Every structure is written in C-alpha cells, then in structure tokens.
Amino acid sequence: MKKIAIIILFCLGSVAVGFSQSLDEYLHAAAENNPALKSYFNEYLAALEKVPQVGTLPDPQLSMGFFLQPMERFMGTQQADLRLMQMFPWFGMLKTQKDEASKMALVRYERFQEAKYDLFYRVKATWYELYRLEEEIRVTEENLDILQQFERLALIRFQSGGIGAGSGSSMSGASNMKQSSAKSPSMGAMSGGMGGGGSALPAAQSNTAMSAPSTMGGGGAGMRDVLRVRLEIMALENSLQLLKDSQMPLKAEFNQLLNRRFDEPVVVADTLMDTALSIERMAMLDSITENNPMLKMLDAEAEAYESQRKMARLEGRPMIGAGLNYMPFSPRTENGFSMGGNDMVMPMVSLSLPVYRKKYTAMQREAELRQLAVQQKRENAVNLLAVEWSGAIRNLDDANRRVMLYQGQTELATQTLNLLMTAYTTDGSDFEEVLRVQQQLLDYRLGLITAIVDQHTSIATLEKLAATELK
C-alpha cells in the first residue's frame with residue numbers, strides 16, 4: 001500500500017502528454033466558432049468603418065434654377081442660375097472627429113477582448129470540471145472493485161469460520177486487494193462518503209454464505225462484515241451512476257462554448273499536475289490594472305469623450321464655404337442690334353454664424369460629465385478587480401494548502417490501512433475500521449485531485465483578469 005501512495009504522488013507530479021495541446025486546440029476552436037465572440041468582433045469591424053465616414057468633408061451642394069421664361073437683363077437673356085458650394089469645418093474638426101471614431105472603435109475592440117478572455121476562462125473551467133468528474137468516476141470504479149474484494153475476503157472468513165485454512169485464504173484475498181489497489185495511481189476518493197447502489201455475489205457464494213450454520217466460530221461477525229460491505233457497495237454504485245449522469249450536461253455546456261453539437265466527445269487530460277503561480281502577486285495585480293480589457297475599454301471611452309468635448313468646442317466656430325455662381329446669358333436684340341450674351345461666373349464665400357452659444361456650451365458640459373462618469377467607473381472597476389484578484393489568490397493559497405494536506409494524509413492513511421489489513425487477515429478483527437480508513441484514504445485522494453483542479457481554476461481566473469497566459 002505504501003508503494004501505491006508513492007505511485008500516486010509521482011503521477012500527480014507529472015503532466016500527461018498532449019494535455020496543453022488539447023486544451024489549446026479547444027481554446028482556438030472556441031475563439032473561431034463561438035457566435036457571441038464573433039458578434040463582438042463584427043461590432044468592432046463595423047465601428048472601424050465609422051472612421052472614414054467622419055474624416056471627410058461634407059458633400060458639396062449644387063443648386064440649379066431654370067427660368068420658364070428667359071429673364072431679360074442688361075447682360076442679355078438669362079436662361080438659368082447654377083450654384084456650387086463646398087463647406088469647410090473649422091481647422092482641426094475633421095481630425096478630432098476621426099480621433100473620436102477611432103477611440104469608439106477601440107472601445108468595441110476592448111469589449112471583444114474582454115469577451116474573448118471570459119470565454120477562455122469558461123472553456124478552461126469547464127474542461128477542468130470535466131477532468132475532475134472523470135477522475136471521480138475512475139476512482140469510484142476502482143473503489144468499487146476494492147470493496148468487492150473486501151466482500152470476497154469477508155465471505156471467505158465467514159465460510160471458514162475465521163480459522164484454519166480460512167486465514168490463508170484471507171491473506172490471499174488481502175494480497176489480491178492490495179495488488180488491485182496498486183494498479184490505480186492517482187486515485188481520488190468518494191465524495192461525501194460512499195453513496196448507494198447494489199451488488200450481488202455469485203450465486204454459489206451467496207447461497208453458501210446464507211446457509212452457513214450460525215454456530216460456526218466467528219460466523220456471526222463474519223456475516224456482519226459481508227453485509228456491511230454489501231451496503232457500502234450498493235451506496236457506491238448509486239454514487240457512480242450519479243457521476244456518470246452528471247457528465248452529459250457538463251459536456252453539453254462545454255460543446256456549446258465551442259458551438260458544436262452537444263454530444264460531441266471531449267478529451268481531457270490523463271493527469272493534471274499541481275501547479276503554482278509563476279509571477280509575484282503584487283506584480284500580478286499591477287499587470288491586471290495595466291492589461292485588463294475592461295479598464296482599457298473605459299480608458300478608450302474617456303478619451304472618446306475628450307474628443308467629443310473638443311468637437312463641441314470646434315462646432316461653436318464658424319464653418320467656411322467656398323463656391324461658384326454661374327449664370328448663362330444669350331444675346332438679346334435691342335433696336336435691331338444684338339446686345340450682351342456673355343456668361344457670368346462669380347466666386348462665392350459663405351460663413352456660418354454660430355450665435356446660439358448655449359447649445360455648444362451644453363454640448364461641452366455633457367462631454368465633460370460623461371468623461372467624469374467614465375473615470376469614476378474605472379476607479380470602481382479597479383476596486384472590484386482588486387477584490388476579485390484577492391479572492392483568486394485566496395482560493396489558490398487554499399488549494400495549495402489542501403494539496404500538501406491531502407498528500408500527507410494519503411501517505412499516513414496508506415500506512416494505517418496496511419497495518420489494519422495485516423491485523424484483519426491474522427485474527428479477523430477491526431473490519432469496520434478497515435472500511436472506515438479505506439474510505440478516508442479514497443476521500444483524501446479525491447480531495448487531492450479537487451485541490452489540483454482548484455489550483456488550475458484559480459490561475460485561469462487570474463489569467464482572465466490580467467488578459468494573459470501565466471506560464
């Protein structure tokens with residue numbers, strides 16, 4: 001049994017080949033296929049198209065008038081009046097409008113980045129949960145096999161009355177049980193105790209057990225051991241079925257994140273190793289305040305409102321227009337002589353007069369207040385991120401402590417179970433204690449797996465907050 005613990009700890013300290021590659025492939029598929037993420041990206045692309053729209057001059061205005069009856073003028077007979085005018089905003093207005101549109105596009109981009117890292121976190125967390133669930137199923141099946149060996153061992157002692165050849169058979173059964181346990185490195189434990197289900201012995205053994213005379217030496221105690229193990233087996237089979245039933249909704253959630261069919265198979269790691277944070281904690285907090293997409297989005301929004309404030313100030317300046325007025329004339333006859341007929345071209349300049357100043361003042365004040373509101377949102381977001389960072393660090397520390405705790409408890413429980421099995425195979429005593437320590441050992445192993453999963457989930461949370469991969 002000591003050998004089993006050594007193998008378990010060794011396997012928990014190694015990474016299965018293909019683990020990172022498998023998870024990275026799922027993250028890549030989620031980034032390409034998730035419809036919500038693609039919608040955020042298309043919103044960003046649409047916002048980019050706004051930049052060339054606001055960075056150009058207003059369309060020129062062309063007005064044309066034709067006389068139904070030619071107008072007799074000194075210059076001749078006027079046929080029409082054509083005017084072309086181009087308005088020019090105040091100096092710097094176009095550049096400011098482009099800056100504002102670019103900042104709003106950046107807001108959309110950072111919103112897309114936030115959605116991407118949130119999606120990555122959900123994919124990782126769900127993938128880790130699937131790993132934990134599969135480990136629980138595997139460990140529960142192994143535990144069920146061990147209990148069935150306990151049942152056979154108790155039945156042998158019951159049939160033999162706990163003496164004579166039965167002791168040799170018991171030793172053989174215990175040896176087989178230990179060998180079966182040694183086949184399962186990285187074993188977890190049953191969660192919350194052994195839960196329900198049913199198991200039956202082979203018919204011949206069952207009939208023999210039930211028909212054994214009650215006066216056989218140690219027979220009553222031996223039968224109690226058999227029935228007690230059967231109760232544990234029934235409970236464990238029910239727990240195993242519950243775990244298997246829990247797989248389908250979790251896989252459906254994972255496949256939904258990847259925009260796949262809900263029943264697509266999901267490959268998880270064979271083994272997750274215990275991990276640690278690779279960056280100093282306060283440096284991690286600094287990285288969060290510098291790189292978090294939410295904060296970058298608020299920064300870009302504040303800069304956009306600053307551009308809007310400048311736009312409001314520039315809109316209060318006159319707009320200048322330049323154009324031409326073209327009037328075609330045809331010669332007119334006066335006293336038998338042809339008069340005039342020369343076309344007239346007149347340059348024109350126009351100037352808008354922004355005299356209603358309250359409107360422009362209110363526009364500037366609106367932009368300033370919106371900018372102030374965004375700055376306050378950012379301050380609040382920094383506080384909330386610090387709280388979330390603190391919680392993730394606490395969860396990581398707790399997971400680290402539990403890893404060390406369960407590793408030590410696994411080793412001690414293994415030694416205790418080894419001693420109890422030796423005593424039971426010798427004189428048949430303390431069988432209930434054997435079952436209790438066996439369950440404790442498996443609980444510790446499952447606790448170790450859960451703690452390692454919590455480590456990875458906490459680091460995934462920090463990666464989401466810092467918008468980076470922690471190697």
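The model is predicted, so local features are described where pLDDT is at least 70, side-chain atom pairs count only at pLDDT 80 or more, and totals for chains, interfaces and linings use all residues. Residues are numbered from 1 along each chain as its sequence is written, and side-chain values use heavy atoms, with hydrogens and water left out.

Let us start with the aromatic rings. Rings of Phe, Tyr and Trp (for Trp, its six-membered ring) are called a pair if their centres lie within 6.5 Å; planes under 30 degrees apart count as stacked, over 60 as edge-to-face, and the rest as tilted. A search of the whole structure turns up ten aromatic pairs. One of them joins Phe41 and Tyr44, a tilted pair with 6.0 Å from centre to centre and 50° between the planes. Both residues belong to helix H3 (residues 35–48), where they sit three residues apart, about one turn of the helix. Helices here are DSSP runs (H or I, at least four residues), numbered from the N terminus.

How covered are these two side chains? A residue is buried under 20% relative accessible area, exposed over 50%, and partly exposed in between, using a 1.4 Å probe and protein chains only. Phe41 has a relative accessible area of 33%, so it is partly exposed. Tyr44 counts as buried because its relative accessibility is 17%. A second pair, Phe150 with Phe431, is edge-to-face, at 6.3 Å centre to centre and 75° between the planes. Phe150 lies in helix H5 (residues 93–160) and Phe431 in helix H12 (residues 431–466), so this pair ties together parts that are 281 residues apart in sequence. Phe150 and Phe431 are both buried. Returning to Phe41 and Tyr44, ring pairs also link them with Tyr109 and Phe112 into a cluster.

Next come the salt bridges. The term is used for a side-chain nitrogen of Lys or Arg within 4 Å of a carboxyl oxygen of Asp or Glu. By that rule, the count comes to 24 salt bridges. Glu141 and Lys244 form one of them, at 3.6 Å from N to O. Here Glu141 in helix H5 is linked to Lys244 in helix H8, 103 residues apart, so distant parts of the chain are connected. Glu141 is partly exposed, with a relative accessible area of 36%, and Lys244 is partly exposed with a relative accessible area of 36%.

Another bridge joins Arg378 and Asp299, whose closest N and O atoms are 2.6 Å apart. This pair also links distant parts of the chain, with Arg378 in helix H11 and Asp299 in helix H10 (residues 293–315), 79 residues apart. Arg378 is partly exposed at 24% relative accessibility, and Asp299 is partly exposed with a relative accessible area of 29%.

Arg370 counts as partly exposed at 41% relative accessibility, and Glu366 is partly exposed with a relative accessible area of 41%. Elsewhere, salt bridges that share partners join Asp398, Arg401, Arg402 and Asp454 into one network.

Which residues gather in a patch of positive charge on the surface? They are Lys310, Arg313, Arg317 and Arg357. Such a patch takes residues with over 30% relative accessible area and no salt bridge, and like charges are joined within 9 Å. Arg357 lies in helix H11 (residues 357–427) and is partly exposed, at 40% relative accessibility.

Finally, a look at the backbone. Most residues other than glycine have a negative phi. Asn259 has a positive phi, near 60°, and is found in the loop between helix H8 (219–257) and helix H9 (281–291). Its relative accessible area is 47%, so Asn259 is partly exposed. Ala467 also has a positive phi, of about 55°, although it is not a glycine. Ala467 is found in the segment after H12, and at 14% relative accessibility it counts as buried.

How values were computed. Patch = residues over 30% accessible without salt bridge, like charges linked within 9 Å, V, L, I, M, F, W, Y side chains within 5 Å. Areas by Shrake-Rupley, 256 points an atom, 1.4 Å probe, with all protein chains shown as cover. Lys, Arg positive; Asp, Glu negative; His and termini not counted. Charge placed at Lys NZ, Arg CZ, Asp CG, Glu CD. Helix = DSSP H or I, 4+ residues; strand = E, 2+ residues; numbered from the N terminus.
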